Amino acid sequence: MLKSLESMKTDIFIDDDVMENIDYKTSIDKDTYNQVKIVRNVPDGDSKKLVTTAILKDDENIEKWGRLQYLMMPDDKVTNAVDRAKRIISLKNRKTREIRLKNVIGDVRVRGGTLLYLKKNLGDIVVDNYVMVESVTHTIKHGYHSMDLDVYYQGDPAKYEVAKDEDAKAVEQIKAAEQKSKHGGGNAVTGVNPNQVDYGFKANEGMASQYGEVGCVDVAVKTGSYYNKDLKELADRGVADVDTLESSLKAKGYKVESFNGYANKGDLLVYGNNDHVIIADGAGGGFGNSSSRGYAMRYGDVNYAWGNGEAPTKVIRMG
């Protein structure tokens, strides 16, 4: 049933007197971002280059938590990307909170979507407002009715500033280039743009993958999304293992070959029995996740990007 939020409000008031206990977890690791960056493929002569067209950020939270960036690479047809970015940072520039109220005095009106009033000092914040019930377990035993409630508290709107906004200008450039191409004034660009590969390396250097020491695929597809739409698709899907990465690219027509000592810039280098992957820099080195250091970095020699003196076994040609 679809109902308005206002119609779900109740007169139920919860404080320490009507509940036995509370489980409360807060985190900035799950879905928290204090900077949103918009990047587009913008025409640059006869080719294209990746350009940062907008940045929205909260310097105060960046100073407290470090930079937690949400990267947007909108489709060329999306003209309201900055509005979307504002909604994202408004919702996500805050800690995630898991609040579970245990053994609350029961009320049969309470179900998912119910709004009830909670007054509770949680330590880092004091909740004195309506919260929404995400889920509820009612227990009626020996004449006593109790509830365990998972509730959602949004808190005050997040603060941020628009540090850069040149997105509308970039959209106009893209539209102009499309019109020029329709009238025979442009040629399609194929292969890997080396400048975009460099941009991806620079943007993700020092990135700590959510998968830690096994985050090589996560780093590769997110970095590769700067220069290849199929890698971006895999990044959006959350692909995190080499087997799925390889099979998905093969299905799209990319060649997988035994490594012969040479790789073009932007090619993917696979180690062992699909145990590790990095991106080749075209000069004998590469870029990828360091299992020992826990972040993305550049390697001067691909033979030392996984094991000492251990060369890649395969190369996935991206050009």
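Predicted model: local features only at pLDDT ≥ 70, side-chain atom pairs only at ≥ 80, totals over all residues.
The secondary structure consists of seven helices and 16 strands. The radius of gyration is 25 Å, well over the 20 Å given by the globule rule for 319 residues, so the protein is more spread out than a compact globule. Along the principal axes, the C-alpha atoms occupy a box of roughly 75 × 50 × 40 Å. Of the 319 residues, 40% are buried. Among contacts between residues at least 6 apart in sequence, 66% link residues at least 24 apart.

The accessible surface amounts to about 17600 Å², and carbon and sulfur atoms account for 46% of this area. The charged side chains comprise 45 positive and 48 negative groups, with the centres of the two sets 4 Å apart.

The largest nonpolar core contains 25 residues, and those with the most contacts inside it are Val217, Leu231, Leu245, Leu249, Leu268 and Val277. At least two residues of this core are supplied by each of helices H4 (194-204), H5 (216-224), H6 (229-237) and H7 (242-251), and likewise by each of strands S12 (268-271) and S13 (276-280). The greatest contribution comes from H5, with five residues. When neighbours within four places in sequence are left aside, Val277 is in contact with Cys216, Val217, Ala220, Val242, Leu245, Leu268, Leu269 and Val270. Another core, of 19 residues, lies apart from the largest one and includes Ile14, Val110, Leu122 and Val133.

Definitions and conventions
Residues numbered from 1 in each chain as written. Heavy atoms only, no water. Helix = DSSP H or I, 4+ residues; strand = E, 2+ residues; numbered from the N terminus. Rg over C-alpha atoms; globule rule 2.2 N^0.38 Å. Buried < 20%, exposed > 50% of the residue type's maximum accessible area, 1.4 Å probe, protein only. Contact = heavy atoms within 4.5 Å. Areas by Shrake-Rupley, 256 points an atom, 1.4 Å probe, with all protein chains shown as cover. Lys, Arg positive; Asp, Glu negative; His and termini not counted. Charge placed at Lys NZ, Arg CZ, Asp CG, Glu CD. Core = buried A, V, L, I, M, F, W, Y, C linked by side-chain atoms within 4.5 Å.
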